[in-house]
Amino acid sequence: MREKRLLTKHMYENPLDSHTIKSYINNGGYEALRLVLKESSPEKVLDEVKDSNIRGRGGAGFPTGTKWGFLAKEEPRYLVINADESEPGTFKDRILLERDPHQIIEGMIITSYASNISKAFIYIRGEYAKSARRVQAAVQETYQEGFLGENILGTGFSLEIVVHLGAGAYICGEETALLNSLEGKRGEPRLKPPFFPAAMGLYNKPTLVNNVETISAIPWILQNSGKAYSKLGVEGSAGTRIFSLSGHVNKPGNYEIEMGCTFREFMEDLGGGVLKGKKVKAFIPGGASAPWFTGGQLDVKMTIDDVAAAGSMLGSGAVIIMDEDTSMLRAAKSIVSFFAHESCGQCTPCREGTTWMELILERIESGRGRASDIELLLDISDNISPGLEWPPKMTTICPLGPSAVSPIVSLMEHFREEVELLIPRKISL
Amino acid sequence: MSWKKTLITEAKKLIDMYPEKRSALGPLLYLALREEGYISNEAMSEISTLIGITEAQVQSVATFYSMYKQEPVGRYLISICKSVSCEISGSSVVNKELMEATNLNHLESDEDGIFTIEQVECIGACGGAPAIQVNYETIENIKEGKVSELCNWLKTEQPKVINSDEIQNKFGGITSFDWGIHDNSGTTGPYPGFQGYKTTGERL
Amino acid sequence: MTEKIKISVDNKVFEIQKGQLLIEACEENGIDIPRFCWHKRMDPVGMCRMCLVEVETPRGKALITSCTEKVTEDMIVDTESETVKKAQEGVLEFLLINHPLDCPICDRAGECPLQDQTMEHGPGESRFIEEKRHFEKPIPISDLILLDRERCVLCARCTRFSEEISGDPLIEFTQRGNQTQILTFPDEPFNSYFSGNTVEICPVGALTSTSYRFKARPWDLKSNQSTCNQCSLGCSVNVNVSQDKVLRYLGIDNESVNQGWLCDKGRYGFEYIHSENRILKPHSKIENEFVETSWNTSLGQVAYRIKKSLEFKEDSVAFIGGALGTNEDNYALAHLFKKVIKTDNIYLSDNFFLSHNLLLGDYERATIDDLDSSETIVLWGQDIKETLPILYLRVKKAVRNGAKLVLIGPKTSSWSSLATLNITYKPGNEIEVVNKMKAKRSKEYKKLVELIEGRSVTYLIGKSTVGHSENLIEKFITYVREISKAKVLPLATKANILGAIHMGLFNHENNLLDFIDKARERKIKTLIISGTDFISNSIYSKELKDALTYVEFVVSLDMFSNDTSQRADLILPVTTLNEKDGTFTNIESRVSRQNQSIPVPGQAKSDWEIVNDLLEILSCESIGNSEFQINTELTNNIQGYSGVTFTELDKPSNKKGVIVSQKLIHQQEEEIEEEIEEEIEEEIEEDTDDYSLIFYEKLYGDKVMQRNSPSISFLGSSRHIQISPRDAKSLDITDSDNIKLTVEDESMMLRAIIDQGIKSGTIAIPINRRGVNHFGRYAHGKIEKISEGEIFNVN
């Protein structure tokens, strides 16, 4: 199988200057915007996006057209682009931000036009400094070109874009936590209801929050029609998607493909197969929050619904391959530790439970584990995500808690003996 | 020390960019970080006056985020990723080497004020694992031995601007994706180099 | 309109008000869902996750937090299912893994929601064998409050209270995840006037007060409801007593007054009751020394003088009071002076006293609850955050719910940002406010009229500075009553002032200056003082000091030795709050109960007892031999008070108190003078050294009762002025410099604090400090910087 480049087309064809407006325009950029402003209407744009069947590329996979339709009528309204990519294993937004920022900007302008928005923000994580520089330079170029600011192309539509930097908090990738962070507060998720961003978002006004990759697809959709987009990929997972492949493979990296192939095909054809020809012990299909698949599930299709049915999630589109020599406990501990450090601390189960699990795993790793620890880990997990079901139930405010539970459940489900081997047995004489 | 007039003017410009003053809290904290290398109590007092919230509220936000350093840091902040992709690709070996090369532990700074090291979570360079950042400029796929080289180079050269292309060339391996054109922009200290907060510099 | 709907909880059907929170609805129907972070008076946040219940949804049963869920028609709720029980056990186990085993040394033990809920819903044992989180403990976060971060369960009640309710967000979460902790900013302690409330609502022993720390265990305490009398709001308090000592006040949720909150002065200001400095025996001054004497002898002396004054028709007996006592006390005093001694020489010592015209005038009265239904609230008077703190909380709540606030005064205050409109004027120029409202020429006055015209408005009216003319206040009220649906609440701040007036005490327009004149003319031979230390506190203290020298015999009914009682010839020890039964009338004319919780100390007597004893010696008819009897008397005789007997007030339905309607004095129909349209002059910065002085009361001062309450005794000791940044610059003054204030040839050294809210050309001075208050007579003064080495004596 091969890549299908829609969003990554321009950057690969013009590696030297894909991030400049000159190159972008020379290669057809901002044509979609012109078309929309001159010949279309907000309603028509919304219809195209609905027709495309595109689902959010951030991790939740919510149908974008539906999301746009939910936006309340009250003014002022805001658009916020979520560029706080922090899910371990994911680096697909980074390539879009660094190599083709104008695609994102064009998507933002079209989106704002369609939803009667005149102020937009792009929230970039602080560690992506280079990306932020590229985006800011691009925004400036766009202002100069006249596609941003007052009365764009003489249509009366105006838009301001502000580039805002995050400061090192994974939880700010959660949309309501992001809005809190953008308001100058602690990045703590809000209660939903009532704080659905479409009704009560930034400054309690209606806000659209979209992922970088989602918004990058908008120009193509408007230029080539939503229907054309929906024909790509498969039912329930329309279009192309950039997957970030990492771990024990020969060719880690970002690959844009039409959805529908299997993980095996993806890993072998594009990822060059497992490093040193080893076997796959386990792999994570959708970023650190996703439950693990074992080598036996490589033939699951890479679509949102297939992966969900198989007991995990496509999530942020990050595939992490772990070979037969990987210590599963260490991998699990790394993920649990991540969530313990990134927990915002608001609610009891996540704040206390994730740290507790981290401490237990550390103890097991250092040889001081106890026989009761495995059940204890599972019970703590049950107190965070009752029933250990999939999709998970939660006793917490946001899904970060249940995400921390995924590796524990996967670890105990598939690799329990490995853990038990680390726990010293009592020797009776 | 209270903020100079020019700094306050810069701060007010940032505040004007947002519909509500408080949104500028993040950017103003970056200004404070730029001026003093960490978020001092005086800086938090100044910011609280500019924005109109209490110092306790500024402190509450500043301490929530890991990039707003609460203690003075060295000129070069070396952050090594410890998340799962890097962990299974050997980041612990690199970490050990970093700790030995600098003789420091997590979030410690050396006496000369040159290095601070920290272990951080995923920096989005998983395709080039293991990865580190120097002042938030990324080096992907840094192999054994290269870390000590990096530390030596930083110590002797003391570059004014850290540029990711330069350090990737010198000390890195494969990248997560093709970085495309090299550019000379970088950062001037232990904070992200961003034009909006005047923390960028050009490598000569 | 309260629409009712049906829901089913644990297989029982209840009728609930639509839109109510599920947890509250269950509580009101006897189903107690455990919780930590939810508090009835604050917005829900769903953080602790303790209140999880199962609710039927189209997709099956869902675990939701009952504190954030509003009830809907036909909701089916299960609070006791296995899933819920496991969740509750889980949350408690999580909370306890880092909670220290401090119960034996923790104030909260015995009345601790964490203990109670663990016993009720928790797992039997903890499985946590790792190291718990450690913090330095406890750390003082203010003079009154200590913080123990290890005990904290991060429910955010204290931070939410400080932000939402009191508007002083000085404590906040810092760090994140499992490192989250409550902290103040370095060198910015938790100096909120309401900090004590956070100790009360903290569900664990993380916040403790220096006043109560380690003093008692809750099972040793006896509780009694009463009414605080530190100001005229009359907040409902729960008095906790052990071994005949009052140890602690807790707030009672009186929906109409304080809604569960207390200010720190009221909460901790009771400590004087057990001060060892209390005078407990009568003392007579013999050759400038105070010597113990007996009641018989002392009362004999007083009665003798009263008799002589009556016999010789001298009218030489006078009374100066402070309105501290109960209605029963004041009724007795009124009876004695008006009916028996038949004198008009009755004077109130109150620097901010409002005229009877204002207090009893014939306009529509506001209650505190009216704030919640007003479109606009106008405050022109004292800074209520300082003088009536809980009223400020009620105003803040109303504003949070949509009311528009207008603040008028000679300076802005720390909470002016709450107001939609702030109007300031130069002190002395109060007339321009009404004029400018009528002229409607300037933008801000146009806005003011817009905010009140035709709307339902509550006016909180008082004296914004000592020299604020009551005439002008009346003119303002008359005008706004014409253009808006006005309800007025006059801000008489001093304790039981309205009650005293209703009882017949102080019902003339007598001014202390009249007393001073009369005394100097030697017309006053006997002076009886009760409940006031006017030599320390009055703006006329200098003249009064002089006047006292002309009075032959001074009797002071007091608890402590102070500047006034020291000048008396006879000190009679009196009881105070909690040592007697009685009733109290608050600023809305709401009468509530005060209960005796501790025995009378030493030989102290209540004011009414002293009156009774005098009546006996004078062979007059007694008015009653117990508080109950006097209460019966006054409810029979005082117009409007028939419904406030002890028995009535003790009924549960009257726990909030009962408002008595008053139709006493009718305001004289004043001619509304035609105001000549004055040319509204531009404010020209006068080139003068003289500053207009604004005297105002701060919550904490240095009155004798506060000085003898250890927890708060030093909080009001700072003597300072507030000066505008511009004037400070021109005088070369920096913050906290010492300055010299000169008023009418007298000088005083004070600290200068730079304050953005002060207008150039004016100075604000907290008046309730000894040595400062007598300056309050004057409207202008000079300020100079003090050079190094100059020292001033404070008189």
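**Figure 1. The interface of chain A and chain B.** The contact between chain A and chain B draws on 68 residues of chain A and 54 residues of chain B, where contact means heavy atoms within 4.5 Å. The model is predicted: local features need pLDDT of at least 70 and side-chain atom pairs count only at pLDDT 80 or more, whereas totals for chains, interfaces and linings use all residues. Residues are numbered from 1 along each chain as its sequence is written, chains are lettered from A and ligands numbered from 1 in the order in which they are written, and side-chain values use heavy atoms, with hydrogens and water left out. The size of an interface is often given as the accessible area lost when the parts come together. Between chain A and chain B the buried area is about 4700 Å², with 55% from carbon and sulfur atoms; buried area is the accessible area (1.4 Å probe) that two parts lose on being put together, summed over both. On the side of chain A, the residues that lose the most area to chain B are R94(A), R133(A) and A167(A), which together account for 14% of what that side buries.

Figure 2. A salt bridge joins the side chains of K130(A) and D165(B), at 3.9 Å from N to O. The rule also finds 32 residue pairs in polar contact across the interface of chain A and chain B, both residues at pLDDT 80 or more. A polar contact is a pair of N or O atoms within 3.5 Å; within protein, one must be able to donate a hydrogen and the other to accept it, and residues adjacent in sequence count only if both atoms are side-chain atoms. With eight residues, helix 14 (residues 328-342) of chain A gives the most to the side of chain A that touches chain B. Helices (H or I, at least four residues) and strands (E, at least two) are DSSP runs, numbered from the N terminus.

**Figure 3. Domain 1 and domain 3 of chain A.** Chain A is assigned domain 1 (9-230), domain 2 (234-322) and domain 3 (328-422), with bounds that come from an automatic or database domain assignment. The C-alpha centres of domain 1 and domain 3 of chain A are 35 Å apart. Twelve residues of domain 1 of chain A touch eight residues of domain 3 of chain A, and the two domains bury about 800 Å² between them, 71% of it on carbon and sulfur atoms. Y170(A), I171(A) and P189(A) supply 55% of the area that domain 1 of chain A buries against domain 3 of chain A, more than any other three residues. Across this domain interface the rule finds zero salt bridges and two residue pairs in polar contact, both residues at pLDDT 80 or more.

**Figure 4. Strand 3 of chain B and its partners.** In strand 3 (residues 115-120) of chain B, five of the six residues are buried, that is, under 20% relative accessible area, with exposed over 50% and partly exposed in between (1.4 Å probe, protein chains only). Strand 1 (residues 76-81) of chain B runs parallel to strand 3 of chain B, with six bridges between them; two strands pair if DSSP finds at least two bridges between them. Strand 2 (residues 108-109) of chain B is antiparallel to strand 3 of chain B and joined to it by two bridges. I117(B) of strand 3 is the bridge partner of I78(B) and also of E108(B). The hairpin of strand 2 and strand 3 of chain B has five residues between the strands, and G113(B) in this hairpin takes a positive phi near 75°.

**Figure 5. The surroundings of R34(B).** R34(B) belongs to helix 2 (residues 25-36) of chain B and counts as buried because its relative accessibility is 16%. A polar atom of the R34(B) side chain lies 2.8 Å from the backbone oxygen of Y197(B). Beyond neighbours within four places in sequence, R34(B) is in contact with L7(B), E10(B), Y191(B), Y197(B), K198(B) and T199(B).

**Figure 6. The surroundings of G201(B).** G201(B) lies in strand 7 (residues 200-202) of chain B and, at 14% relative accessibility, counts as buried. Beyond neighbours within four places in sequence, the contacts of G201(B) are V161(B), N184(B), S185(B), G186(B) and T188(B). T187(B) is 14 residues from G201(B) in sequence and 5.5 Å from it in space, C-alpha to C-alpha.

How values were computed:
Salt bridge = Lys/Arg side-chain N within 4 Å of Asp/Glu carboxyl O.
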